[in-house]
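Reader: Before we turn to single residues, could you show me the sequence and the structure, so that we can go through the questions in order?

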Amino acid sequence: MSSMMWTCFAVFLLWMRSGGCTEKANTSDLIEYTAADFIDKLQSGKTMFVYFQHQVTPTISLFLAELEMSADALQDYGVMVGKVNCNKEQVQPYCTGERALHTAFLFRAGKEFSGFDLDTVFDVNSIVAEVLFAILREEIRYVHTDADLLAMEKTARGKKDIVLGYVRSLGTQEHRSMMATAYVYGSKYQFILITGGPVLEHLGVDERSVSSQVWFLHCRVRSVFTTQTSSERCHLTRMRKPLTTLNLHSFLQLMEAPLVSEVYDDPSSVQAPHFPYQQTPQVFLFSRPATEHLDRDTATTLAWRLRGLALLMLVHRQSPAVKTPDEYNVAYRLPEKSLELKYLTLHDLDEVLELFTYQEKEEEEEKYDAYDEENDAIFELLDDEIALSVYENRGNMLDMDSITQLTSENFHAAVAQSSLTVVLFYLKWDAVSEAVLGSFIEVAEKLADEQESKADVDSTVQMCAVNCVEWTDLCAAQSGGSLPIPFQPITAFPSVLLLRPQESAQHYKGMLGTQALHRFILMSRPASPALLSTQEEVISFLQEVPLPGYKPDRVLGVFETQTHTGVSPFTEAAKSLRGEVLTGLLTDGLAEKWAAEHTVDLPAVFVFPSWRTHPATLSVSTSAEGLLTHINAALLHPLPELTVENLPSFLSLGKALLILFVGEEEDEIGQRQNQALVEEMRGLVESGGWRMEPYLACWIHLGRTPAGMSVLGLYLNSMPPLPALVLTHLPSGDEIYQYPQNTPIMASSVLQWLQRIEDSTETPAGTLGENSWPPAVDFHDFLKIMDTQEADSHTPEEEEEEEEVDEEEANMEEDLVVEEETDSSSSSPAPDNNPNTHSEL
Amino acid sequence: MDSSLPCFLLFILIGCLKCSSENENNTRHHDYCVLGAGPAGLQMGYFLSKAKRDYVILERNSGPGSFFNKYPRHRKLISINKIHTGRQNPEFNLRHDWNSLLSDKPDLLFKRVSNEFYPPADAYPLYLSMFVEELGLKVRYGVDIGRIRAVQSDTGRRYILTDQHTSDYTCSVLLVATGLWVPQKIEFVGSDLVEGYESISTNPEDYKNQAILILGKGNSAFETAQSILEKASHVHMLSPSPVRLAWQTHYVGDLRAVNNDLLDTYQLKSLDGLVEARLEKIVIVQRKEQAKKRSDGKKKEKKKLYLSLNKYIQNQEEKNSSEVTGEDLPSFYSDNFSMRKPYDRVIRCLGFKFNFSVFDSSACPPHSDNAKGRLPGVTAWYEGTGTPGLFVLGTAAHSRDYRTSAGGFIHGFRYTARAVHRVLEQRYHNNRWPSTKLLTTQLLSWVLKRIGEASGPYQMFEVLADVILLRGSQCEYVEEFPIQALPQFSSLSGHEISNHGLIVVVLQYGKKKNVDYLGRNRAHSDWSKANESNFLHPVLYYYDKLPTEEEMKLRPKGWALPRPKAIHHIVEDFLTEWDGPVSHIQPLRRFLEHCVKTDLRNFYAESCFRFSLTYRKPPLFCQQGYLKQQGVVDSSQLWQHFDDAGLMPSEHDSGTSGEDSAFPNYLAQAGASVSSGLKLDF
């Protein structure tokens, strides 16, 4: 009851404000304070907005007129508005100085609270907006990036809904409406202002075309429709009417309205919505007892989509009061059309939606609207991001021309005809397969372009795909003919295999993306190891760049003889590194010569990581696995830049991550700063020695790895200024620590900070998410539905069975003697006990 | 020396001959004896041969599949031979090939011997001969086993089979695939006046202008009716229950549309008709026609057969069926009795029964509870109840799914034979049922693959089903297990059930009765109402532990399995292709997620990157893909972007590495010398 009163008051207040201010301006004079008045009011702690007038210029008089008009508006918010005439008496320090000439001041709690340049407070709207904004400074948040917004949503989840406003320019009527509403509802909702850019993008809105907008983020109650890619986001509803105080108010009211109301009356006798929803259309859906659960689901789905547009009522048909004919499944009532109800028969939810959005489009003519709508619908459809992107692309057939379709019949011939055949095994219904098929085709096209320019027939790579829905025998490696299939049955889809004639298949185990696959294919073209027999070959091995602009890792094995015991594990290791690392083998005379030249003891394995100036020498292992471990360790960067692609190889080390987040450099200075920071980190790694052993120092460049942005936002629940240094993934716990923002990042102080963390004297800034990943969406519980249906239909079913018996008897009566059949049926009533003689056995 | 060697060899040869001839006369032992070289016996023979088991197939006739030399009498098989499916997938194609047997030879299919949709019966023995020959199956023809008994010895139970020459075959496991060939008869007064399907003339001319009564309303009855329809004056069909149409019951043993011309002529009132009565209560009596004296003085005597009922027969004890009076006939009491007119012939088409007579009491399986006891009773894994080591295969094993599934037909029992073989391999050779180990993230794909192509669960719906053993991040997929044996799953298959539970993937028809299969609302397309599907559709049952025998016994009527913890219906599909992202895949994924209790969604590498950094462990898909460096990159992103990401990191490091004390300075020299020549960035 009290909340009702409160709402009424709020409405009244808002109504007064939006409607009344202009007319009233003429009647009230601007209060002019004497110095004593001013001091008195100031000391009483009242909130005052005061201009200290020195002179009268046309600009100033214009401002004063506006100020006068705002007095009344601001009064409702407990702000007194006035001026002090400095020509009459001086109030220091405001009556002197250049600044005071162009500034109006806000006083609060006996102090100067804020000053406003007259350029920003130029009319009633801007004065009210800016003053309220200043007062509400603590409550309204500014958000610049999507990560910030995400962090806010995370904080608000379960507690408060969020009202998100985008105001195209400050000091406008829209800005004022937003502030006035925030003043009234500030304690109820979290108000956020956005400045456009990335956040608008997240909301699916084009900044250039959009007018001021408000969105409502349903964070308080966990939505059942957490169907977006990650369930961290709150469901959002866009206010579709123009941003005015009244519209905003009724929009917020609507957000509080029950999603679906259930009624047992005929729609015609359901009252039109009353205060405060009297301007809102009503939509009626109908439910039957048998499908009640589903009907309610449907209604809820629709209600979410109609939220802010209409109120949804679910009418229970089983109630005798409901007279609506069965042929209709939807009814609606528009506010302006008195109480007239319209009945319709519609086939899907979109049609209902169109009833209301169509009108709206007429009203507003918003270009992006259709896009937005469609997007929403799809989001509610598929909650798997890969499946969704494949589904969205379903209209475009993949162009398979650049790849060869392999079948059980042409497989052997195709593989024999090229030195390297890359095969993708895919299932057409598997979303990941389809997504990878897209990348695979891109690689094929790129390779075809490259090969065309080179015309190098020998090194032609053949790109093929096997549709494992059809060619199951091939995918199961079942050889129909005489030739064996050179791979094991494929049980994981998609799989990419590299096939060479007369060799067993190599599984591609890298990232399933265009760039990684393309690079792997080019890198795996040279033999592995390449047998180097001349000085030129050695030079070209060390120089070779299989992919323009890419610096490969290289490994060179140097052995006295080809029959050295170390050669075979090296060759084996080289085989398994094929595609990732270039490997070369140097033996015999040339090896000895090379060793002598470089004063190395043979045998030796040299690792040339792409990032390093000096090669690392490894002793020769007796096993390929041992050698591989050493090679991989030598290839690891001591201070890697984490990227989406390389993170897994570093995470697998199991160390705590000390991550430096640096922003995108806008200029050379920024670039140099970033480089200096990375250098400092390198210094830390080197100077830290064993103390740094438990940590993997690394950095993320937010420009190249934008995904890092939301990572940082989630770590700290807000977006800190960059650079930021964070310690996470500690083996001991889930805490996340942030290096003090105001302390410069220096090796020594970072070490001290790490020490403090070890000593548990630092407070964590956040924690890692939980380990468990429960299903994001509940399953459709058929068992429950079947139970309900069975309960509903229990009595009718029994009747049905009786009927059946009757029918059988009737049949018999028709064609044979009555008594006879009654006899037989009574002696064996259940049909099952009376098995029939006929059969096709 | 030279001469003694051949002598020695000769001695050995004689010895061998002697011992083998001893075998010939007395006993031969095999681990497995298969009785009958019909489709079921040969199918089992193939599996035994492939597993390199010691087996023999015994056949009393001179060739395989001799039943088909005589039956069906009118020589048309009604098992469909659909060659063109538009698909290459051999497994899928078996869904529409009802005649081929299973083998690993992709071209050993029935279509090689016939391309007719309803093939001629003669093609079948031809196909079976080919099957025997190409797979080199060991069949002994002309061995007529007349007696089978079981003996218990120290080494276990053995079966002893005695043939017409009193030779014995002993075996540890006996696989009875003798089919059903003894004509089913019913005793009633006058049953001796009835001709049998097995011996009637198949020449329609012989029925010209005759009134025919056929006992039975199954496919053999209708097949007979169909062949004489054009010549006979009346064809009436009599059996206790109304006709069941296969296209309504989804049971291929019920009347197939290919044979149902008589339904037309009955409904269009063309002198044919169907009647219901219990056959035990009928009486067939013979009355001489009231013969008129013809001009030549000879009496033309024609015997006519009348149908009566037990209760109308006066003085039943004394009466012989050929001496009846009008008072013995129903028309005497009811002048519009439907079958008041006499018949020229009464033909019995009541099907066949299992030949129990060769079994000694020590080896005789019991009569089944259903099918009027015409079939042997077997366990859910087709072992005779009370006869361990004796398994029944083929049509004779139909008591398990009588009137419900396809276990009595080639396209069904070829799969049950495989299931039995797997039971044998586990029980006698410790070879667990074959299974596929999968990452749980691949499970969805495999379920979709199986429901999209698997022929076993499709033909043997509600009988054979795939069992998925959940094991957390991994699972094991076991195909085509006989689900009635689910309580014994662990011992039969050799696979343990973990505390993660199991999922059974069953294909089943809707349970709703009185569906108008050609009417409106016969099919659903809304996935959320999939449980109301009428046509064959996949249903997944999730259990946290194996159901017990008790639960299996007390399961709700009409259910293939006891009540599960959760159930999922995939909505019936017009094309039986369950691969729609919205209607089929997503709801299925959500169900699987519920069973494995984890998020099974796919994520692009970028999302996995985010999850990996902000959670201790990312979702399963990221764990099993991305963290193993096999993330899926969104191909919609631009090339440029990748190239940047790939190139940039290395640039920062050039020339900045400090002295590396771990490396002696000669390497620096080496680098220097190379780089001077190569301009390498050493």
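**Backbone, disulfides and surface charge**

Author: Leu271(B) is found in chain B, in the loop between helix 8 (261-267) and strand 11 (273-276). The model we are discussing is a predicted one.

Reader: What is the phi of Leu271(B), and is Leu271(B) buried or exposed?

Author: Although Leu271(B) is not a glycine, its phi is positive, at about 75°. Residues count as exposed when their relative accessible area is over 50%. Leu271(B) has a relative accessible area of 51%, so Leu271(B) is exposed.

Reader: Where in chain B does Asn430(B) lie, and is Asn430(B) buried or exposed?

Author: Asn430(B), not a glycine either, has a positive phi of about 60°. Its place in chain B is the loop between helix 9 (410-429) and strand 17 (435-439). Its relative accessibility is 65%, and therefore Asn430(B) counts as exposed.

Reader: Which residue does a cis peptide bond join to Pro723(A)?

Author: Pro723(A) belongs to the loop of chain A that runs between helix 24 (707-716) and strand 28 (724-728). The cis peptide bond there has an omega of about -5°, and the residue joined to Pro723(A) is Leu722(A).

Reader: What is the omega of the peptide bond from Tyr71(B) to Pro72(B)?

Author: Pro72(B) is placed in chain B, in the loop between helix 3 (67-70) and helix 4 (90-93). The bond that leads from Tyr71(B) to Pro72(B) is cis, and its omega is near -10°.

Reader: How many residues apart in sequence are the parts that the disulfide of Cys219(A) and Cys234(A) ties together?

Author: The sulfur atoms of Cys219(A) and Cys234(A) are 2.1 Å apart, and the two residues form a disulfide. The torsion about their S-S bond is about 110°, so this disulfide is right-handed. Because Cys219(A) and Cys234(A) both lie in the loop between strand 9 (213-218) and strand 10 (235-238) of chain A, the pair ties together parts whose separation in sequence is 15 residues.

Reader: Is the link of Cys468(A) and Cys475(A) right-handed or left-handed?

Author: Cys468(A) and Cys475(A) form a disulfide with their sulfur atoms 2.0 Å apart, and both cysteines are buried. The angle about the S-S bond is -85°, and the link is left-handed.

Reader: Which helices of chain B hold Cys608(B) and Cys622(B)?

Author: Cys608(B) and Cys622(B) form a disulfide, with 2.1 Å between their sulfur atoms. The torsion about the S-S bond is about -75°, so the disulfide is left-handed. The pair ties together parts that are 14 residues apart in sequence, because Cys608(B) lies in helix 15 (residues 605-614) and Cys622(B) in helix 16 (residues 620-624).

Reader: What pattern do the disulfides of chain A follow, and which cysteine sulfur is nearest to that of Cys698(A)?

Author: With bonded cysteines counted along the chain, the disulfides of chain A follow the pattern 1-2, 3-4, 5-6. Cys698(A) is in no disulfide, and the nearest cysteine sulfur, 18 Å away, is that of Cys608(B).

Reader: Which residues gather with Glu452(A) in a patch of negative charge on the surface?

Author: Glu452(A) is placed in helix 15 (residues 431-454) of chain A. Its relative accessible area is 66%, so Glu452(A) is exposed. The residues that gather with Glu452(A) in the negative surface patch are Asp399(A), Asp401(A), Glu445(A) and Asp449(A).

Definitions and conventions
Residues numbered from 1 in each chain as written. Chains lettered and ligands numbered in written order. Predicted model: local features only at pLDDT ≥ 70, side-chain atom pairs only at ≥ 80, totals over all residues. Heavy atoms only, no water. Patch = residues over 30% accessible without salt bridge, like charges linked within 9 Å, V, L, I, M, F, W, Y side chains within 5 Å. Areas by Shrake-Rupley, 256 points an atom, 1.4 Å probe, with all protein chains shown as cover. Salt bridge = Lys/Arg side-chain N within 4 Å of Asp/Glu carboxyl O. Lys, Arg positive; Asp, Glu negative; His and termini not counted. Charge placed at Lys NZ, Arg CZ, Asp CG, Glu CD. Helix = DSSP H or I, 4+ residues; strand = E, 2+ residues; numbered from the N terminus. Buried < 20%, exposed > 50% of the residue type's maximum accessible area, 1.4 Å probe, protein only. Disulfide = S-S within 2.5 Å.
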